[in-house]
Amino acid sequence: MKRYFGSTRGRSVTTLFVVAAGLSLFVAACGGSGNKSSNSGSVVDNPKCGNGNGQKPTGTPIKIGGIATKQPGTDFTDGVLTTKAYFDCVNANGGINGHPVKYIYETEQTDPAQNAALARKLVETEGVVGMAGGFSLIECDVNHSYYEQKGIGVLNAGIAPSCWASPNSAPVNMGPRYSSDGATQAVIRQDVDKISFDQSNVPGTGYIAAGPKIVADAAGIPIQENTDNVPIQDANSVAVKLTQQAGPNGAVVLNFTPPEALKILQAAQQQGLEDSVKAWGCSTPCNTDFLAQALGTKWDGKLLVNAELNVTDFDGPDSELYRSVMKKYGQNVAGGLGSFSQMGYLMGEFMTNALEKVQGPYTVKSVNDQVFALKDQKTDILCRPWYFGQAPLHIPNNVDRTTTPDNGHMVQKEDCFDISADDPDIAKVRQIEQADPSLTGGS
Amino acid sequence: MPSWHDFQPFIVTGLALGGVYALSGAGMVVLYRTTGVLNLAFGAVGAMSALIAWDLINNSLWPEWPAYGVAVLIAAGITLAYGVIIGPALARRDALVKATATLGLALILLGAMSWIWSDKARSQVLPTSTHAFDIGQVAVTWTQVIAFGLGVVVVFGTAAFLNYTNLGTAMRGLANDREITATLGVPVRWVEAQAWLVSGILSGVSGLLLSDLVGLDAVSLTFLVISSLAAALIAQLRSLLITFFAALVVGLVSALATPITSISEYRNMAPFVIATIALLVISRKREISFTGTGLGNGRG
């Protein structure tokens, strides 16, 4: 036995370890860079946000808060990081009437007690005077009563039903339910005869799935609802299941974060299933160039993604400012250009517009009076102007587009269309907008 | 209930996943039998390997196969380093302490991966997945074939290695009694280092295969070790053959439950349920102890 364990082998193992460790360090060093999206579309080197005077503000900071989900399989911190990037841009351009904005965000792990504590910490301990950046799976449900009690109007990009059902919450997004409605509408327009809808098994799935079901039922198309635990561990099986359910003239509609949706789409592609159904749809999270790049060209024109927001390379002033802010201040936004960062940008922009109108001291009341007064917020990132306003519920983003991958980028496939008013709350919001057309820039 | 025809593709996906679970399970069992360490960092090392390969190919523009080779080498290096540096310090500690220590390594690696690569969407398609063939109406990729085939080869090859080579005999000797084996002139640390190295290579290969079959996601890959662990536990961390078949059962049950709507969302429980049932059945026959005989530390 001795001959097998001589010192030569001992040295070779040591050598192997040293080589491996060296390579490990080398790769780790490489890995820290180069994984950001290339910003397509025009940008300016020194974006001007807020006052745009290039002066450093010297006043007392205006504290604004935000809460985002960050847990395995669900990371929404791109949103708050981009809101922070916008405020960094504001602060580099004179701040708000000479005051810098101090943005304080917390991350949560879908624990209601934790969410309740974080909101109270931000408002009562940190002393934030406004909330811009609710990127959470459950925060709206947990904290909407608290915000109503405190008179705080929250700008958010929510998931939980209360985000669209509270007088004190106005999302810049339409959320997974109405975005899934839009994706369902897009595949229905492809004349499919059955739909298989799948989403992550997280709180609120029943509320979300109800929307596509209402839309499909109204069109007389059967729909099969599924949920899958995330992180998905058997994407091949999931892809087979969904395509079997939909059938050759049917459609698969996904409502997942980009990494999870990518697993299913990639698995379908590897098994040659991308053409086994008539159409593929996906809610807004899929509207990111990272997904398009990772998928390759096989899904170009085939995957219909509901886009609550415009394509990131749109040639418009606000889209250009968004890209410029991302380039200069948003380098730590992991997903780069995409829906989550667009939402974060809009929250920063709208909150800045409200803050600029405050007369006198920045208090919870003075700030939120202006937040509630926000209306006709024009931006080329949305299909039409955004508003907060006084209303029992808010779904100000209820008109959107369809995009599709095209050679590594998401491009527009369908222009702005109304989310179906078959969904009851959309019908209510349309009535509110008709009663006060100034909310969306009408008279 | 889906038809037999509908179930067929899930047999393919289940066998492929089961093959990789067997591969991983074999790595865990060999290491456990030799060192007494239940390596809970197996999945995290595999995830690191997969992400390194992705990084080398996509950011450093390396050719694919050298990148895969280096990634597996690094996985082997990380595992070997742990075994050589940390392993001896814990050699006389309880098996539970040793297992918990590897959990620490898993968490360190998970944190490092999150820090270096973030959670953004990325994918890794192995060259073997760009070609598929049909069995009936079921498309089978070569990665799925390799995953299953490699599981078979590694399990049976390792069993033969342990039974018919001097190093294998030394490893089995360590499993039976470390002290006595050492007094017989077997260089214990060298043999253990070999086991750590083999385990690291298997974790690297498993990580690469799973990054294609499951997805390139650090968290998913790290915790997929649970399915392999279930198979290894069913085999009482001893029998490679039972590990192999248990892994196939875990993979198949998980996959075949997918199209059954009423139980589909509970299919991730399959490894736990199967392992629990198996252990309960085994426990009726004899007492199970984590540190003594039975499940034991491989030395009883």
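A cavity is here a set of grid points where a 1.4 Å probe fits but cannot get out, and its volume is the space filled by probe spheres set on those points. The model under discussion is predicted.

**Cavities**

A search of the whole structure finds 4 cavities of 30 Å³ or more. The largest cavity holds about 300 Å³ of space. It is lined by 28 residues, of which A:Phe76, A:Ile159, A:Pro176, A:Asn255 and A:Pro285 are the closest to its centre. In chain A, α5 (175-188), β7 (195-200) and α11 (339-356) each contribute at least two residues to this lining. By class, the lining of the largest cavity comprises 13 nonpolar, 13 polar and 2 charged residues.

The second largest cavity has a volume of about 90 Å³. Among its 17 lining residues, those closest to the centre are A:Lys263, A:Gln266, B:Asp212, B:Val214 and B:Gly215. At least two lining residues each come from α7 (235-246) and α8 (258-270) of chain A and from α8 (188-213) of chain B. The largest share, 6 residues, is supplied by α8(A). The lining of the second largest cavity divides into 7 nonpolar, 7 polar and 3 charged residues.

**Disulfides**

Over all chains, the structure holds 4 disulfides. In chain A, with bonded cysteines counted along the chain, the disulfides follow the pattern 1-2, 3-4, 5-6, 7-8. The table lists sulfur separations for pairs including the following.

| Pair | S to S distance |
|---|---|
| A:Cys49 and A:Cys89 | 1.9 Å |
| A:Cys140 and A:Cys163 | 2.0 Å |
| A:Cys282 and A:Cys286 | 1.9 Å |

The torsion about the S-S bond of A:Cys49 and A:Cys89 is about 85 degrees, so this disulfide is right-handed. The pair links distant parts of the chain, 40 residues apart: A:Cys49 lies in the loop between α1 (7-31) and β1 (62-71), and A:Cys89 in helix α2 (residues 77-91). A:Cys49 is buried because its relative accessible area is 1%, under the 20% limit; A:Cys89 is likewise buried, at 0%.

The link of A:Cys140 and A:Cys163 is right-handed, with 100 degrees about the S-S bond. Here A:Cys140 belongs to helix α4 (residues 139-150) and A:Cys163 to the loop between β5 (154-156) and β6 (169-171), 23 residues apart. Both A:Cys140 and A:Cys163 are buried.

For A:Cys282 and A:Cys286, the torsion of about 45 degrees makes the disulfide right-handed. A:Cys282 counts as buried at 0% relative accessibility, and A:Cys286 counts as buried at 0%.

Methods
Residues numbered from 1 in each chain as written. Chains lettered and ligands numbered in written order. Predicted model: local features only at pLDDT ≥ 70, side-chain atom pairs only at ≥ 80, totals over all residues. Heavy atoms only, no water. 1 Å grid on protein atoms, 1.4 Å probe; cavity = no way out; pocket = protein on both sides within 12 Å on 5 of 7 lines; lining within 4 Å. Helix = DSSP H or I, 4+ residues; strand = E, 2+ residues; numbered from the N terminus. Nonpolar A, V, L, I, M, F, W, Y, C, P; charged D, E, K, R; others polar. Disulfide = S-S within 2.5 Å. Buried < 20%, exposed > 50% of the residue type's maximum accessible area, 1.4 Å probe, protein only.
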